[in-house]
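I opened my notebook for a friendly look through this one.

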Amino acid sequence: MLQRLELVGFKSFAEKTRFDFAPGVTAIVGPNGSGKSNIVDAVRWILGEQSAKSLRGGEMADVIFNGSPSRKSLGLAEVTMTFDNSRNILNSTASEVQITRRVYRDGTGEYLINNQISRLKDIKELFLGSGAGSNAYSIIEQGRVDALLQASTADRRFIFEEAAGISRFKARKIETLRKLTHVEGNLQRLSDILAEVDKQLNKVRLEASKAQKYQEFTARLQELRVGSGLREYHRLTREWQSATLGLDELRQGLTDASREAVDGESQARHLEIALTEHEVRLRDAESALADARQRLVAGELTLQTESERTTEAERGLRDAGRRQLELGRQLLQLQVSRQQADAAIEAVKLDVSTRQEVANTLVESLESTTQQLAELRKQIDRDRAAHMDAVRAEANATNEANNLRRQTDDGRHQRDRLQRRLLQIENECDTLDETMVTLEQTGAGLQDQVQRTRHLLAEQTQRRAELRRQADALSQYVTEFHIDRGSLQSRLDLLHELERSQEGLGTGVREVLAWLGDDARARGLVIGLVGDLINVPREVAPLIELALGDRAASCFIVRNRLAFADLLAERDPPFASRVSFLELPQSGVEPPRDWPPLPNGAVRLAELVEVSDPSLRSLPEFLLGRTLLLPDWAAARQLAAEWGQRPGLRLLTRQGDLLESDGTLTVGRSHVETGLLSRKSELRELTAQISVLDARIRRGDENLAILRERVQAMEQPIRTMEQEIASLNQEAGDLSTQLTLRRTRRDDLDAEREMIQADLDQLDADVAERTEQIQHLHAATREAAQRVQVLQARMEQAEKAIRRLDQDRSRIEQDHTAAQVTLAQAREQLAAAMQHARQLDRDRDQKQSELAQVLQQRIDWQARLTESQVRALFAIGQRAKAFAEKDVNQQAYVYHVRKRDALRDERRVLLDRAQHARATQQDRVKEVHDRELRVQDLQRSRQLHIDRLREDYNLDLESLYAEQAEKLAVQADQPEDSTAVQEEIAELRKKLTRLGSVSLEALTELNEVEKRSQELRAQVTDLTQSKKSLMEIIERINDDSRRLFTEIFTSIRTHFQELFRKLFGGGQADIVLENPDDVLESGIEITARPPGKELRSISLMSGGEKTMTAIALLMAIFRNKPSPFCLLDEVDAALDEANTARLAGVIREFMDRSQFIVITHKKRTMSAADVLYGITMQESGVSKQVSVKFEDWPDEETGSPTTAQAA
């Protein structure tokens, strides 16, 4: 239920406005344009409406209050709705749900659910299946009450889906289809990638096969190219050395030639400087001469200009004087004309006053006559209205009587038609009963078959699931084995690497091992290192290493100590670190016989040590025969006290404390866990564990393959049974749909039969009632005719008096018109005279202004004349001065020209001499340049060989040449078959070219690509399974949606037929599926026939009939699936009073199912409201809520009080 609605800044609601809605009916009233429909827009907006056009705007920011003449615009609009969700109608667990939507001036906005930021999707999902939403059936807007009837059959389906509650299923189906599309896309991409990986795998295998050949060819090519490059580098080096010596001699000759050319050019530069100075002086003299000549020309021009200005000023003075005399004469004439105009104006004013008095007298007479005529016409209008009422009453009575007769005839025809229809209904009901029996029998058989197949499918599916579970568990175990083996293998590889690197062995021990590998005699005398000859359990290896000390990793067992000592004497140099050699006694070693029995927990270490070689059985006893292992230090102390001093007795605790036979006690933390014996023990243990894991992995893989084969073998039978069940369900669903449609049709026929019988009874009652009404209408017709005759006589008398007064008024109007004409003429003469006087005043002012301008012009021309005369005198003085300067500058210019020519001749002789020397220098430069180019070419060739071998093989050719220079000098004098070498190089390059691109890391890449191929195949399998699961989900959604829609559609159909007959007092209406075989996509058609009409289309219905039909359909939906609230915006606008009362009654009936909010102008609708809100615009552009308190609201017909309370 909607509890309240709050608006802030939404459209015309500038201030925060709150509407509290109680159960029942709430009416909102107010004048047109007060903002009532803005409440509907607010509700649709907060429920997710995204079209600004649907909200009567251009963009979403238009919903924000845009200001008024007295208020500024706001920056945001906010609407909040609060719902009581105690019945869990909305998709939320909260008992109260509050949704809010805001929009800001910049176009941004936000949604909130219970004050938490949300998405539009969350808002829509909240109302899915509830009947509420921006486009659901809970809101019927103004002007769109018949939109449901006029919509297309496909668009109309949305309302029924929302009522059936399958809109949420449809949303889930759309989401599932989107996921399915995504999965199919991923599956396609993975298939493409897998195909590319397979291609890459084949390519990598080919590359790996070419890698070996490539290495062979490149090695031989390098050998040939390096040898050829060294020989060529040797040849170029000798030529380069020879060319460098000749270059030094040429450079010396070039230096001599350059010195001679420089001397000559130096002397020429000195003359050039002197020549430049004289040319500068020459240009100065030439410039001064030109300047003097220019000043002479300027003086002449100035004199000419000032002469012209003087002449112009004198002419301007003469013209201004003549204009001054003319303007004075014109001013005198204008003054005389103004006096004459004043006299004419006074005469015309007197004439206008006389004629105005005559016109006023005629107006008074005309008004008196007009008033008499108006009174008579009013009387005639009253009589004529009464006459028309009487005529209309007579005509209405006659027409109504005729209509009643026609309706009586129509009722008889309708009775005959209904009786025929009853006979058709009986026949169709018999046929439907037989068909339904057959369908029920067929459906029962299909259901039995489906149950048997489902039972078998459940057994197979359960068995397959069990096998899959076993396979998954086994696969998990195998994976864990692989992980454990990988960890053990990593540790094993590390230990092997430590073994290979002889980690933990001293330098001397390593030297002994290397010596044994090289010397056969030493190998014959040395049995091996103590640590390599014994095997110990891993858990006691650190303790045994503590007992052995350095012997484990630095002591060798020899066969003959004396022979080995002689062999050591022959070896030189000595070992780098200490090494021990121990001879094993030949007679063997026996355990001590004089020891008492060992206490509990004591163990002889020799018993824990094993040897691989039977000939070394006495080695453990020899090394550790008198060492005991005790649990702790307390046990060791007790044993030492009891046994006393015994030769060779050593006590070792499991904590690593060691008590020697001489009483030495060694304690403290030791790091022997990483010693030689510990490492070897761990190696043996890890090898054994890996072997066990390998066996388990092999058995697990074999069992897993068997399980997967069994699962795969079950897939096809299961799919076959699933397809069979789907086919049977589809067939059963079709039968159920047909049976439901036929049952519905049977119910419809029964209802129609009852309705026809009721219509027949009603027709008989209507015929009797209409006969009585016709008699009353005949009496009313006679009374109306008599009153028409009386009124007609009175109107004729009044019209005669009106004609006489019209003649008098016409005569007075003619006289008044003539007086008005003469008055208007006099007034026009007065206006013309006054206009002429004003024109004379304007002409006088203009002439005075022109006279002042002429006087100012004379003063200006006199000033210009004086200024031109002064400038002319100054120009004459400047011209005389310029003539004197020109003569002086002319003499200086001639002198400098002669001096410049002499210096040019001397410079030419020196330049010719220097040019000859420079030509000789250029010849030497060319020779030096040619020799330098030769040296550079040789150097570049040498460097090219160096760079090429460095780039190709990372070899330093200079270093190689330095090492093999003498050898190359000898080979240079010997003939060499370079052609064969180049041919072999070319052949190798062809072979490499034929190989194409070769990857030397192809083998490593091959392993990576194979691993990726396996991973992709596993992903393809997972996606295929996901696709199957999504298809199953879609099928289940379709089945549930089909069932729900069929049930709800049948229910709404029945309620619609009942409510239609109730609202119209009879008639027929129905809703049918266009395609009953496709329930999920079929369009919905609506038919309606009000009582007494045979309409072929809903579009032919009147506005009121469409409204009543739409209300019937809406209430039928509400009866089956009520929404949390229903908002009706002026849906009663097209209804008359009777239908408005029916609508109000229907709304009151549905108060227990939903909550109604009605916007209306009709008093009938207001009377049905429990709460009444008023909306007004006391302030322009700002809607405001007003409270209206009243006790009773009078009914328009019965006068009974309403149930509305104070808002």
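I began with a β-α-β unit: β11, helix α11 (residues 561–570) and β12 make one, and it is right-handed. Here right-handed means that, with the strands pointing away from the viewer, the path from the first strand over the helix to the second runs clockwise. Helices (H or I, at least four residues) and strands (E, at least two) are DSSP runs, numbered from the N terminus.

Before going on, I noted that this is a predicted model, where local features need pLDDT of at least 70, side-chain atom pairs count only at pLDDT 80 or more, and totals for chains, interfaces and linings use all residues. Residues are numbered from 1 along each chain as its sequence is written, and side-chain values use heavy atoms, without hydrogens and water.

Next I looked up the strand pairing (at least two bridges found by DSSP). Strands β11 (residues 555–558) and β12 (residues 580–583) run parallel, joined by 4 bridges. I found Leu582 of β12 as the bridge partner of Ile557.

Then I checked the domains, whose bounds come from an automatic or database domain assignment. That assignment gives domain 1 (1–138 + 1131–1192) and domain 2 (626–667). Their C-alpha centres lie 97 Å apart.

Which element gives the most to the lining of the largest pocket? I found that α14 does, with 16 residues. A pocket is an open set of points on a 1 Å grid over the protein atoms alone where a 1.4 Å probe fits, with protein on both sides within 12 Å along at least five of seven lines; lining residues have an atom within 4 Å of a point. In all, 37 residues line the largest pocket, with Arg454, Ala726, Asn729, Glu1035 and Asp1039 nearest its centre.
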